[in-house]
Amino acid sequence: MSGKALRDLNMLPGSERKNENSSKGGLTKPCVENSNENSEEWKRKNCSSLVSTPTNGGETVKSEVEIANSEVEYIESENLNDLDDVDMSLKTLLDGLDSKDWVLVCEALNNVRRLSMFHKETMLDMLENVIPLIVKSLKNPRSAVCKTAIMTSADIFSACSDHIIDSLDPMLLQLLLKSSQDKRFVCEAAERALIAMTTWISPLTLLPKLQPYLKNRNPRIRAKASMCFCRSVPRLGVEGVKAYGIDRLIQIAAAQLSDQLPESREAARTLLLELQNVYEKSHEPVPPTVSEQPEMSSWEHFCHSKLSPLSAQAVLRVTNVAREGLVLGS
């Protein structure tokens with residue numbers, strides 16, 4: 001009994017010491033963990049405060065961009081309303097177009113659109129002064145200004161049609177460039193403007209303007225010009241194509257067949273099919289009793305007479321394949 005008690009007494013201090021040490025360790029560890037957690041929390045707070053400065057700055061920049069974008073509204077043509085005060089708008093128009101404040105420039109451009117739609121005669125009188133400022137906006141690196149200027153160009157084409165032809169060159173170059181760039185919303189707006197141009201401007205006056213760009217050093221400009229050229233030719237009609245010169249047109253189309261970009265080649269193929277259709281409508285087959293050599297008036301003979309052998313073969317390959325496709329499809 002005494003031995004057991006002695007053993008218990010001997011074990012007690014060690015057990016107490018063990019429990020005490022373990023309790024100290026248990027207290028110490030949470031302190032360290034709490035310290036580490038506090039340290040991490042302090043770092044997070046301070047890091048977030050350090051990051052928050054550029055983040056707030058970024059948010060400020062973002063909010064400024066959003067505010068700026070909200071200040072400019074891309075209004076579709078059908079949604080434009082007439083000006084409330086035409087006389088006042090006319091007085092401030094040129095200054096607005098030439099302003100250093102891009103928001104004012106966009107407002108002035110939209111006023112040009114309104115004048116073109118609702119006050120055409122007034123706009124025609126101002127074209128000489130307005131067009132250079134529109135071209136300036138087309139060159140503007142700010143996308144909002146550039147797109148608004150593109151939309152303005154489309155509305156001017158619609159309203160003024162052939163009256164714009166003498167001032168077209170600088171606008172045409174910029175629209176071809178913008179329709180070739182990587183900013184999708186600018187590119188799409190420029191393409192719509194080019195479609196408006198080919199729709200509203202007479203092909204007899206437009207084709208000579210487009211023709212030099214078919215040989216431009218920039219392949220993208222050549223491609224866009226080819227597409228415009230291809231859209232304009234059918235508007236000539238049979239008699240118009242004959243008047244313009246089908247031989248000239250077939251030479252232009254044949255040259256585009258070997259262009260670098262597929263858009264140019266596709267436009268050339270479409271144009272060649274149109275020219276073949278016009279040629280065959282204006283050269284009805286001659287009965288053999290009247291002509292001993294009816295093949296002399298054929299499309300194939302015409303191609304060989306106007307083009308080099310290689311070009312003629314390329315053209316005939318395109319038109320024959322298309323005809324075979326139509327026969328098979330029928």
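Met 117 counts as partly exposed because its relative accessibility is 38% (buried is under 20% relative accessible area, exposed is over 50% and partly exposed lies in between, with a 1.4 Å probe and protein chains only). This is a predicted model, where local features need pLDDT of at least 70, side-chain atom pairs count only at pLDDT 80 or more, and totals for chains, interfaces and linings use all residues. Residues are numbered from 1 along each chain as its sequence is written, and side-chain values use heavy atoms, leaving out hydrogens and water.

So where does Met 117 sit? Met 117 is found in helix α3 (helices are DSSP runs of H or I with at least four residues, strands are E runs of at least two, and both are numbered from the N terminus). Setting aside neighbours within four places in sequence, Met 117 is in contact with Ser 77 and Leu 80 (contact means heavy atoms within 4.5 Å). The C-alpha atoms of Met 117 and Asp 155 are separated by 7.4 Å, though these residues are 38 apart along the chain.

Asp 155 belongs to α5, and is among the residues there that meet α3.

Arg 113, Met 151 and Asp 155 are among the residues that line the largest pocket, and α5 and α7 (184–200) each supply at least two lining residues.

Methods. 1 Å grid on protein atoms, 1.4 Å probe; cavity = no way out; pocket = protein on both sides within 12 Å on 5 of 7 lines; lining within 4 Å.
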